[in-house]
Amino acid sequence: MMERSRLFLMIVALSLFGVCCCRELKVKDDDLLAPYNHTLARMLVQYNAAVYESDLTELFTWSCSRCSGITEGFEIIELIVDIQHCLQAYVGFAENLNAIIIAFRGTQEHSIQNWVEDLYWQQLDLNYPDMPEAMVHHGFYYAYHNTTLRPGVINAVRRAKKILGETDVIVIGHSMGGAIAAICALDLTVHYKIENVQVMTFGQPRIGNAAFASYYTQHLPNTIRVTHEHDMVPHLPPYYHYFPQKTYHHFPREVWLYNIGFGSLIYTVEKVCDGSGEDPSCSRSVLGNSVADHLVYYGINLQAESWNSCKIVTGPRLAKYKSIDDAGNVILSKDLASSALKLNPQTSSGTMAS
């Protein structure tokens, strides 16, 4: 165990050394990428915080403690809880954005520290389908494609589209949920031909290699990856400058949040990074050594009540909406025909444009 810890620290040091010495890969021209919208980001992070709620009744009815303020009036269409893999996501309609929102929860099964270490040691890759040379992390890919998340999300989006028509789709996620959100958005765009898909993630790890980053950006240029101060997760899996074709590589566009000032004169800078996906002047310019910075974005707490279990709370009010498979996985689904869900053409667009 001691030897593994020493090697772990050596890997950290090598990956940080690559901050200054690597040659960056340009995956997309800056002017074709999504502009950053501060107001939208602060709204979406609150939608993302709600997916961590374990009380399914409060979450499904959007009456939880995190389901108020600027997200009030949101209506969940489908809530998916994969007990077997400790995953949770919802699909719903935000009238104030005139958009379908898909939100994914981050890791909850074990401690952040253990999960972070696993990202160093369990980097088993697989080829992304139909894209030569594109490699992705098997864990993130399977968490979406080989669980109840994919069929649940696809079913909900299809049903919502029948009612709402050509509505924007915004996919969000924090931590591992950010990686799943990106893979989901790519699936919706490439395999299901869903148009106007936007992505915003918070504290997302790297997902695949440079070929995958380039492929992803071609299909989903309207993507924002928000990183925060010394959050350790965006530094993972490590970027190795001496293996440019094999190393993991972020896709753009990153927005790095960091504080400047001293004492009481401190304010947050929101730096819009370049189009490389690996801007050395953004989060890669600092040590990725903070769990605390990973759990708070825009002052919003992004974590569950406990990181050591996949506990959920349910009640009799949900019986008519609930289906459970043989593995105990839960899907709560509303009948849109009898729902109050309606498209309001007067609502504002959820675009990321500033």
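Helix α7 passes helix α8 in a left-handed crossing, meaning that the near helix is turned anticlockwise from the far one by less than a right angle. This is a predicted model, where local features need pLDDT of at least 70, side-chain atom pairs count only at pLDDT 80 or more, and totals for chains, interfaces and linings use all residues. Residues are numbered from 1 along each chain as its sequence is written, and side-chain values use heavy atoms, without hydrogens or water.

α7 covers residues 176-190 and α8 residues 210-219; they pack at about 55 degrees, axes 10 Å apart. Helices here are DSSP runs of H or I, at least four residues, and strands are runs of E, at least two, numbered from the N terminus. Axes are lines fitted to C-alpha atoms, for helices over the stretch in contact, with angles from 0 to 180 degrees between N-to-C directions.

On the α7 side, Ala-182, Leu-186, Thr-189 and Val-190 meet Phe-212, Tyr-215, Tyr-216 and His-219 of α8; contact means heavy atoms within 4.5 Å.

α7 also lies across β2 (87-94), β3 (99-104), β6 (168-174) and β7 (197-202), at about 155 degrees to β6.

Now the sheet. Ten strands form an open, mixed sheet, ordered β12-β11-β9-β7-β6-β3-β2-β1-β16-β15; two strands pair if DSSP finds at least two bridges between them. At the edges are β12 (265-272) and β15 (322-324), each pairing on one side only. From one strand to the next, the twist averages 15 degrees.

β11 (residues 254-262) pairs with β12 in the antiparallel sense over eight bridges. Which residue in β12 is the bridge partner of Ile-260? That is Tyr-267.
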